[in-house]
Protein chains: 2
Amino acid sequence: MPAPIRGFPQAEFEQRTERAQHAMAAAQLDALLLTTEPNVRYFSGFHSQFWESPTRPWYLIVPAEGRPIAVIPEIGAAGMARTWVEDIRAWPAPRPEDDGLSLLVKALGEQPRRFGRIGVTLGHETHLRMPAADFRTLFESLDGFEVADCTDLIRRLRVVKSEAEIEKIHFACQITSDGFEALPAAVKTGDSEREACRWLRRDLLARGADNSPYMIAASGPGGYDDIIMGPGDRVLEQGDLLIIDTGTTYDGYFCDFDRNFAFGSAPEETRRAYEAVYQATQVGIDLARPGVTTSDLWLAMWPILETAGALGNDVGRMGHGLGAQLTEWPSITPDDGTRLEVGMVITIEPGMAFAPGKLMVHEENIVITEDGSRLLSRRAPAELPVVA
Amino acid sequence: MPAPIRGFPQAEFEQRTERAQHAMAAAQLDALLLTTEPNVRYFSGFHSQFWESPTRPWYLIVPAEGRPIAVIPEIGAAGMARTWVEDIRAWPAPRPEDDGLSLLVKALGEQPRRFGRIGVTLGHETHLRMPAADFRTLFESLDGFEVADCTDLIRRLRVVKSEAEIEKIHFACQITSDGFEALPAAVKTGDSEREACRWLRRDLLARGADNSPYMIAASGPGGYDDIIMGPGDRVLEQGDLLIIDTGTTYDGYFCDFDRNFAFGSAPEETRRAYEAVYQATQVGIDLARPGVTTSDLWLAMWPILETAGALGNDVGRMGHGLGAQLTEWPSITPDDGTRLEVGMVITIEPGMAFAPGKLMVHEENIVITEDGSRLLSRRAPAELPVVA
């Protein structure tokens, strides 16, 4: 597929901001204060790799009415000026004695006080990307405003993706599917996990990926015992099972799925475990539709793994949201209970220990549609692929 | 150069922890609580790309005596067990109603109370990677312990690099120098900024890089007006100046430097600006030695840029520390005043606007030695390189 257009039309930022302002009024919030890359980007369109530097804080205020206000380091003022944000207040950062704090106090203090509450993400899956001492000082300095948690407001806005967002995720998924499908012809016994990942990273860049911020590998005879630590220098041998899991990006949006490969051959128990997670994934995909909950998905998938002899699942969930982050709310767990809506993008990711020290994890990415779901990744082979 | 051995011998973690514990006693801290990837990795050796997922918090406690204690999601327990950390307490994350908090309260509460103070990074250039609501609850729940800022303690430990750390940074610098030197033969007029970066990303992977978490590009006729937003789809033309700046990693350690390239030819003012930043860089490198301060470096470099007609510098500094992060403490500013010590790794990064909307930035990475400094990157050409 051709690479989607980069960025978003201004109307998209207007809609995101209006939806936020609607929810803010309902939640009795006079403004939102955002500090992390995905949240600042969501409302402003400011898209820069510079967040990799933890030195400087960046702030975006969503007021009760009108466009967001940026309170940012001078180094970012030119870039922010190319977004739809008009009110940009910059300071010569880094300035340890006052790294934007007085500017931020002033900008928030100017917001009309209707409820006396400013929304900040304080809850699960969030953090504040600013010095904790500055956060304390900020609300001590803000006359007439108290802090209120806006975690739920933000995640409910971001969880439903626009068509343009879905296209970007779809493209990341498609080129990653291309790369995974080409891998068995390019990687062979005698290569290390690291070499396999290096090949795939380079292949995905050539196919149009921006980067692969996440690419792990694990392998072992007939199974692997971990899915977050590699790749290592372990050399792939006949009888090994290899998993590669990647979060690869296009224009700030992630895919997140894995693929398993057997080298030479696979033991019967390994092939059966693959079939079980494949089947559980299919059940999840087939069940996913508006109104079904994440817990319904978990409860439908788990019995298939249990019947196949699952000893447990250390991942803690069997799928999650994704988009501007590798993982986003919600989680597919027995008690999460989030109702699926049209436009949500999620992973279906059943996994289990099928023998002591042997895991099998499978994953696809889907978007919820009016009458079901649509695959964004290309479905993995129904039988464990074998590298000759 | 051959790729350095991955990881560190256990003695390195013992030394880091002992140095920390020494400083903790002096600062009257009974324990440190760490929440971010570089800090957890520094003391434990736990090195995983899984931090890309913001869902789950990870905690490491450095007690007054003995090895660190890990309070982490179950998905990471197997990986943490391969480090020198022995006391690993895991919970089935994500668990929104108690995502490790009760385990963390218990583990911290067990620490012997001598001073009644637990060190947490609260200061400049830091943030807490945990839900802010949980942080508040944590210290409300901890009888007899108050929170104290340990920003300075942590940065003074991490700023001096071991030989093994320096080797990893050196390798990242050397392969990136290789890539930059090969670029003029591989990139040509008619390519876009994005294509130039894609070529360099793939080249650096082939040379042994793990990834390039940071790679920006900017270009324009005779100059660029920004150094943090690209790469974009702008096509490189005769007369353009291109900058690429990259933080490329090997085994968790960054290089961070840039290179400038003229296409076809460069205006006189552009060549003169290049010579000025080159010269300022040389002055910085030549001056850097133990006892000299970051402010001495700034004050020595700036007059060269001013004489060359500098209109200003929006970067906010002319260099900084680097290592496990793209940017680390300290900053080269007029009033930072940090005294250089043997083993510090820093960038020398003079930059200026040499005409309205035209920037020129130069950068090298050095390590402070007994009697001066040693280049980790290979020195850029003294004259602006021209892509034919």
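This is a predicted model: local features need pLDDT of at least 70, side-chain atom pairs count only at pLDDT 80 or more; totals for chains, interfaces and linings use all residues.
Residues are numbered from 1 along each chain as its sequence is written, with chains lettered from A and ligands numbered from 1 in the order of writing.

**Exercise 1. Describe how helix 9 of chain A packs against helix 10 of chain A.**

Step 1: Find the elements. Helices (H or I, at least four residues) and strands (E, at least two) are DSSP runs, numbered from the N terminus. Helix 9 of chain A covers residues 268-287, and helix 10 of chain A covers residues 294-307.

Step 2: Take the geometry. The two axes are 9 Å apart, at an angle of about 155 degrees. Axes are lines fitted to C-alpha atoms, for helices over the stretch in contact, and angles run from 0 to 180 degrees between N-to-C directions.

Step 3: Classify. Helix 9 of chain A is therefore roughly antiparallel to helix 10 of chain A, a label for angles over 145 degrees.

Step 4: List the contact (C-beta atoms, placed from the backbone, within 7 Å). Helix 9 of chain A contributes residues including A:Ala276, A:Val283 and A:Leu287, and helix 10 of chain A contributes residues including A:Asp296, A:Met301 and A:Ile304.

**Exercise 2. In which order do the six strands of the open sheet in chain B lie, and which are its edge strands?**

Step 1: Read the order. The sheet runs 4-3-2-1-5-6 with mixed pairing; two strands pair if DSSP finds at least two bridges between them.

Step 2: Look for strands that pair on one side only. These are strand 4 (87-91) and strand 6 (146-149) of chain B.

Step 3: Zoom in on one pair. Strand 3 (residues 69-73) of chain B runs parallel to strand 4 of chain B, joined by five bridges. Within this pairing, B:Pro73 stands opposite B:Trp91.

**Exercise 3. How many residues of domain 1 of chain A touch domain 2 of chain A?**

Step 1: Domain 1 of chain A is 10-157 and domain 2 is 163-387.

Step 2: Taken over C-alpha atoms, they are separated by 34 Å.

Step 3: Count. Seven residues of domain 1 of chain A contact five residues of domain 2 of chain A. On the domain 1 side, the largest share, three residues, comes from helix 2 (residues 37-44) of chain A.

Notes: Angles under 35 degrees count as roughly parallel, over 145 as roughly antiparallel, 65 to 115 as roughly perpendicular and the rest as oblique. Two residues are in contact if their C-beta atoms, placed from the backbone, lie within 7 Å. Domain bounds come from an automatic or database domain assignment.
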